[in-house]
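This briefing describes a two-chain model by topic. Please consult the sequence and the structure shown next before reading the points that follow.

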Amino acid sequence: MTNLSGKCAIVGMGETVVGKRPDATTNSLHLEAIKACLDDAGVKASQVDGLLTNQPLNDSHRSYAVKLAHMAGIDPIFATDLALGGATPIAMVQHAVMAIEAGMATTVVCVHARKRSTPDPTPGHPIRRGDEHWEEPWGHFAAAGGHAFAAQRHMYEFGTTSEDLAHVAVSTRYHASLNKNATLRKPITIEDHQQSRMIVAPLRLFDCSLESDGGGAVLVTSADRARDFPKKPVAILGMGQHHPHFSLLDAPTLTTLGGKKSSETAYRMAGLRAKDMQFAQIYDCFTITAMITLEDYGFCKKGEGKDFVKNGRISIGGELPLNTHGGLLSQAHLEGQLHITEAVKQLRGNEVEPERQVANAKVGIVSGHGGSLAMHATLILGAL
Amino acid sequence: MSKDERGRAARRGQPYLDEPEAKPFWAKLREHKLTAQRCSSCKKIFGFPPQALCPHCLASDYEWVTLSGKGTIYSHIAYHRSWHPSYQDKIPYNVSLVDLDEGGRLVTNVVDCPPEAVRIGMAVEVVFEDFPEYTLPKFRPVKSVWVSK
């Protein structure tokens, strides 16, 4: 088996303006993100030969990736849609690496967009979650509910409190306050979190992420070709996935998730360990998700996340800066696409506000998490 | 009756009564029986939602068996926000994950108990709530819960 560590690199990345984009459609955001990414990489669409994307939530239909490729002037020899919820953007990069190393493409754009803050004006068929008929009749409608079940178990098993979770929200908001393309930039305190209204107990408003409009993309190519691109390439060092259940009804546990096996695969591929990571862009649809993933990734023992997130450890300048862009909690929720672009910017070293740049960043980890706490994907990225 | 105006399988917030594998489950609930599939080969309970082959051994033969209706709370939450108009006047309301004694788990509601008195590990038993078109299994504590005001 070939080790794919370092065989491919990210050579371009683009982000749209995020937040409320009432006039945009998911499709227009996909196109905007592709354009921003290709401009950043200094290439034309005709130089791209692969495309991976997510289906618009409001307008799912067959072969969307092929349609999008041709709308962008790309003639793909490799294209598909991926549907792993919040693990999709990372899975796209993984599939791009596999396609390139298999000789099925040379240069693949991985593009994600989402329209959840304002309605998508495109008429179409919404995507089904797939487990809703066994949840909604009893009033369970929201992702906040699924993650509240996990938070309740974490509190029961390990003594975690709502105030412990607040530390994730406060640090993440601080990072957003330093990011010009973040939605919520006013710093908050632990007390603000504790006084925010209950959404689905035990989760409060400030435990919950944003609903956003926006898009992002990265361009993946082989490490050899990467040297010909204008920007500093970012190497893809480790990749993993694990999907330990599909719905809450078949979850063996809600306090250890796919991140454990997914990160083990990624660490093994990269030949690195948790202690080698200089930053972590961890999927934070809810504060509890980030805490569980920090444990699953081996930054602390299971159940010790409540202590790990305190004393500035996860803030810029701390031992493991977490979500230096403000995350899904405070920057924008594009299913983790912006966790990847943020990691790329950190590793390029000169693209974020200096106050939130990780000093001498050489290697970091990125997580994706989707569905009913079901899907998980991991990337380890490094400066070339 | 269980299709919405655009032909999707079920209306938001309601069960999909015509799902082929689950039809017997919904039918037996009308008789106030909580049932599950038991594999004729490995004898294990399938779990939910119902499916065509055994999730434990992929055997295709199974029978529908009536469960004791006893279970334990795996986790519980309280919705303080409504995501559906029919829940607007019910908040805050409990939703629980109940692990059934014979196997299988349901998303359900604990009734006859204030949301704040529900606990992980609490022993519960099934009760049936009838609606015009279907019946839902819900659960109440085996021991009555007294809450001081």
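What percentage of the 384 residues of chain A count as buried? The share is 62%, where a residue is buried if 20 or more other C-beta atoms lie within 10 Å of its own, exposed if 12 or fewer, and partly exposed in between, with C-beta atoms placed from the backbone. The model is predicted: local features need pLDDT of at least 70 and side-chain atom pairs count only at pLDDT 80 or more, while totals for chains, interfaces and linings use all residues. Residues are numbered from 1 along each chain as its sequence is written, and chains are lettered from A and ligands numbered from 1 in the order in which they are written.

**Chain A: overall form**

- Chain A contains 12 helices and 11 strands; helices (H or I, at least four residues) and strands (E, at least two) are DSSP runs, numbered from the N terminus.
- The radius of gyration of chain A is 19 Å, close to the 21 Å that the globule rule gives for 384 residues, so chain A is as compact as a globular protein of that length. The radius is taken over C-alpha atoms, and the globule rule is 2.2 Å times the number of residues to the power 0.38.
- The C-alpha trace of chain A spans about 55 × 45 × 40 Å along its principal axes.
- Of the contacts in chain A with a separation of 6 or more, 79% are between residues 24 or more positions apart; two residues are in contact if their C-beta atoms, placed from the backbone, lie within 7 Å.

**Chain A: His147(A)**

- His147(A) belongs to helix α4 (residues 143-158) of chain A, and counts as buried with 26 C-beta neighbours inside 10 Å.
- Beyond its neighbours within four places in sequence, His147(A) is in contact with Leu203(A), Cys285(A), Phe286(A), Ile288(A), Thr289(A) and Leu373(A).
- A distance of 9.6 Å separates the C-alpha atoms of His147(A) and Cys208(A), which are 61 residues apart along the chain.

**Nonpolar cores**

- The largest nonpolar core has 143 residues; such a core is a set of buried Ala, Val, Leu, Ile, Met, Phe, Trp, Tyr and Cys residues joined through C-beta atoms within 7 Å.
- The members that touch the most others are Cys37(A), Val93(A), Val108(A), Cys110(A), Val218(A), Val220(A) and Ile236(A).
- Not counting residues up to four places away in sequence, Ile236(A) touches Cys8(A), Ala9(A), Ile10(A), Val93(A), Val97(A), Leu379(A) and Leu381(A).
- Another core, of 6 residues, lies apart from the largest one and includes Cys39(B), Ile45(B), Cys54(B) and Tyr62(B).

**Chain B: overall form**

- Chain B has 1 helix and 7 strands, in the order α-β-β-β-β-β-β-β from the N terminus on.
- Its radius of gyration is 16 Å, close to the 15 Å that the globule rule gives for 149 residues, so chain B is as compact as a globular protein of that length.
- The C-alpha trace of chain B spans about 50 × 40 × 25 Å along its principal axes.
- Buried residues account for 30% of the 149 residues in chain B.
- Of the contacts in chain B between residues at least 6 apart in sequence, 50% join residues at least 24 apart.

**Chain B: the helix**

- Helix α1 (residues 23-30) of chain B has Phe25(B), Trp26(B) and Leu29(B) as its buried residues.
- Seen down the axis of α1(B), these residues fall within an arc of 95°, so they line one face of the helix; the arc is that of the directions from the helix axis to the C-beta atoms.
- An α-helix has 3.6 residues a turn, so residues three or four places apart point the same way.
- The buried residues of α1(B) pack against β1 (35-39), β6 (123-130) and β7 (135-141) of chain B.

**The interface between the chains**

- The contacts between the chains involve 29 residues of chain B and 24 residues of chain A.
- On the side of chain B that touches chain A, β3 (70-79), β4 (93-100) and β5 (105-108) of chain B each supply at least two residues, and β3(B) gives the most, with 5 residues.
- The residues of this side of chain B comprise 16 nonpolar, 9 polar and 4 charged; Ala, Val, Leu, Ile, Met, Phe, Trp, Tyr, Cys and Pro count as nonpolar, Asp, Glu, Lys and Arg as charged, and the others, Gly among them, as polar.
- Strand β5 (residues 198-201) of chain A pairs with β3(B) in the antiparallel sense over 2 bridges; two strands pair if DSSP finds at least two bridges between them.
- In β3(B), Tyr79(B) is the bridge partner of Val200(A), and Ala78(B) stands opposite Ala201(A).
- β5(A) also pairs in the antiparallel sense with strand β6 (residues 203-204) of chain A, over 2 bridges, and the two strands form a hairpin with 1 residue between them.
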